[in-house]
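Biologist: I would like to learn how to read salt bridges. Can we work through an example together?

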Amino acid sequence: SDSGVTAPLGQFWIPHSLAIDQQLSRLYIADRENARVQVFGLESQMFEQMYNSNSWGHRLFAVGINQNDTSHVAVVNGPPWNRVGPEYKGVRVWRVAVDDGDIGEAIGTHLVDPHDIDVDSYGHMYVADLKGRVAVDD
């Protein structure tokens, strides 16, 4: 986060988005201001795993999953509070392998203020922003 504060695992600084994986019985939570995804067991409600990357910048806005192929989650970052910074390269989308957290290549978008992401049954990622625009990765 921009303030340098990081919440301990299992705690959040603005949980911004949720995705449920019915096949693996997991809950993915985009922890926006900690720029990470925290993973919990649906039944156990216990912390299982965390995904993060410096390439995401200081904020991670949303997480989504394709229910037909739960091998990856999709994540979208967002601008830092001051909207500038040497590490910030704009709004990007990534696929993250759920088994080992391996982060795929960044996919750029034309969006500025992303708010949510979803993945359809074909694996296409949809990102919506606060201005009502939608970007599609196909």
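Biologist: Is Arg133 buried or partly exposed?

Modeller: Arg133 counts as partly exposed, at 30% relative accessibility. Buried means under 20% relative accessible area, exposed over 50%, and partly exposed in between (1.4 Å probe, protein chains only). A word on the source: this is a predicted model, where local features need pLDDT of at least 70, side-chain atom pairs count only at pLDDT 80 or more, and totals for chains, interfaces and linings use all residues. Residues are numbered from 1 along each chain as its sequence is written, and side-chain values use heavy atoms, with hydrogens and water left out.

Biologist: Which residue forms a salt bridge with Arg133?

Modeller: Start with the general idea. Side chains of opposite charge can pair when their charged atoms come close. A salt bridge is a side-chain nitrogen of Lys or Arg within 4 Å of a carboxyl oxygen of Asp or Glu. Here the partner of Arg133 is Asp129, with the closest N and O atoms 2.7 Å apart. Asp129 counts as buried, at 7% relative accessibility.

Biologist: How many salt bridges are there in the whole structure?

Modeller: A search finds five. One of them joins Glu48 and Arg26, at 3.0 Å from N to O. Glu48 lies in strand S4 (residues 47–52) and Arg26 in strand S2 (residues 26–31), so the pair ties together parts 22 residues apart in sequence. Strands (E, at least two residues) are DSSP runs, numbered from the N terminus. Glu48 is partly exposed at 41%, while Arg26 is buried at 10%.

Biologist: Which residues are linked in a network of salt bridges?

Modeller: Arg32, Glu33 and Arg59. Between Arg32 and Glu33, the closest N and O atoms are 2.5 Å apart. Both Arg32 and Glu33 are buried.

Definitions and conventions
Helix = DSSP H or I, 4+ residues; strand = E, 2+ residues; numbered from the N terminus.
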